[in-house]
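Hello,

Here is the structure I promised to pass on to you.

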Amino acid sequence: MQNVKILWVDDEVALLKPHIIFLEEKNYTVTPCNSGYEALEIIKNELFDIVLLDENMPGLSGLETLAQLKVLKPNLPVIMITKSEEEYIMEEAIGSKIADYLIKPVNPNQILLSLKKNLDHSRLVSEKTTSNYQQEFRKISMELASVNSFEDWNRLYQRLLHWELELESIDDLGLTEILESQKQEANAQFFKFITKNYASWFHEYDAPPLLSPSIFKNFVVPSIKENKNTLFIVIDNLRFDQWHIFKPLIQKYYAIEEEIAYCSILPTATQYARNALFSGLMPLEMESKYPNYWKNDTEEGGKNLFEKEFLSAHLKRLGLDIPFDYFKITNLQKGKDLVANFSATKQNKLTAVVYNFVDMLSHSRTEMNMIKELASDDKAYRSLSMSWFKNSTLFELIQKAHSLKYKLIITTDHGTINVKNPTKIIGDKHISSNLRYKTGRSMSYNNKEVYAVNNPKDIYLPSLHMSSSFVFAKEDYFFAYPNNYNHFVKYYKDTFQHGGISLEEMIIPCVILDPK
């Protein structure tokens, strides 16, 4: 620990000599002074790390000294020490942003504890976090070799996210790089797991994980049947790390009844995964049952224009003849309008809302230099997402729903990943445009960097042509065409994309909440 300089202000400071000796033996340097006036003069000419300030002094009182000291050094922490337990003194001192408040008589260890809490807190937390992660690193590394179910992958992914958020607060670049390397290894193993198991979930696997088409029936329908007004919010492109940072704000209004991790279907793209969420069907089934609502990749027109119709048909198949409404929020004004008129939805048993802003934020990163600067990595992306959420109409909507005692269900259709590595692909002019998956005929690609499905029906996806196939990029890869390759790579590298196979895109949250 580096030497810490303390200014101790007390009109009876000579009586505190044993306390000062104790602190100096702990490597603190203590400068004693007898009055507030003297303290203010010393502060003007010397630098201190913290001040111990007696409240009851003749001449300039402790509170008066504190007020002037905060003008001179507004960020200098002050520990107030007093004989008085009167509430108004405590309130005034706390209102002046003191670091701590101690009641006389104080013993040396009590002062030492307060100093450590205020000066060594970051260091102690950092050391403890580092030590704990080093132990956990070894455990995670060993477990990576034996993870063999979606549930196991979710548990491991949540542990990685926990440490990512913990290490973020201690700002240790070395540890962050080690964790990033471990996440990359986890994604490499997860890709192998999906390649081996995904198709079997639709054909022979006894207990497949929860997939996109099952979410509405399993979690929204029970709430409707409880005869509760239910607000079903789909935040497009919401990753689990973003949910974890939003959670404390939401928990001021809602208690979490259940938090589930489910698996997004492939492709982890809006037209597939979100339509599956609302329809309760796989894409191949949607194309077959509702050809007027389904559009394949290369067809003209929007691919998510019929979510309300898919939801209505889903409710009818479930035998739920209920009043419901659906809103898609794509800009600030639409969000404001919904919040302003939200009380009118009380007549509905179900109100479904899609918030596209997180998706817009992700994709706009490829278009706006300012966003590129603000969201250069996952940490910055989380920070930007949090800034948006705290000031968003979505957060206002959640507060409004709380005041109306709505049951709240929050989920997403897929996550997103920061892509780093280009992988070359060649196809005809009808190949689809997504950077993380491609569908079309006669595609040429690196087999080691994709999951290729030659018969899309095997995973319940429609085919554009008899010979069409799908390929999904692994880990943090993205597809690039050989012509104009360098320009393409420079433009899209380090952007947030979705459609492929990664922990971030496929393991996603669904949360059921009750109003407090």
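This is a predicted model: local features need pLDDT of at least 70, side-chain atom pairs count only at pLDDT 80 or more; totals for chains, interfaces and linings use all residues.

Strand S7 and strand S19 (residues 507–515) run antiparallel to each other, joined over 9 bridges; strands here are DSSP E runs of at least two residues, helices are H or I runs of at least four, and both are numbered from the N terminus. Two strands pair if DSSP finds at least two bridges between them.

Residues are numbered from 1 along each chain as its sequence is written, and side-chain values use heavy atoms, with hydrogens and water left out.

Both strands belong to an open sheet of 6 strands, ordered S7-S19-S10-S6-S9-S8, with mixed pairing. From one strand to the next, the twist averages 15°. Helix H13 (residues 307–317) packs on this sheet and touches S8 and S9 (350–355), a contact being heavy atoms within 4.5 Å. The direction of H13 makes about 155° with that of S8 (axes are lines fitted to C-alpha atoms, for helices over the stretch in contact, with angles from 0 to 180 degrees between N-to-C directions).

As for the whole chain, there are 20 helices and 19 strands, and the C-alpha trace spans about 95 × 55 × 45 Å along its principal axes.

Best wishes
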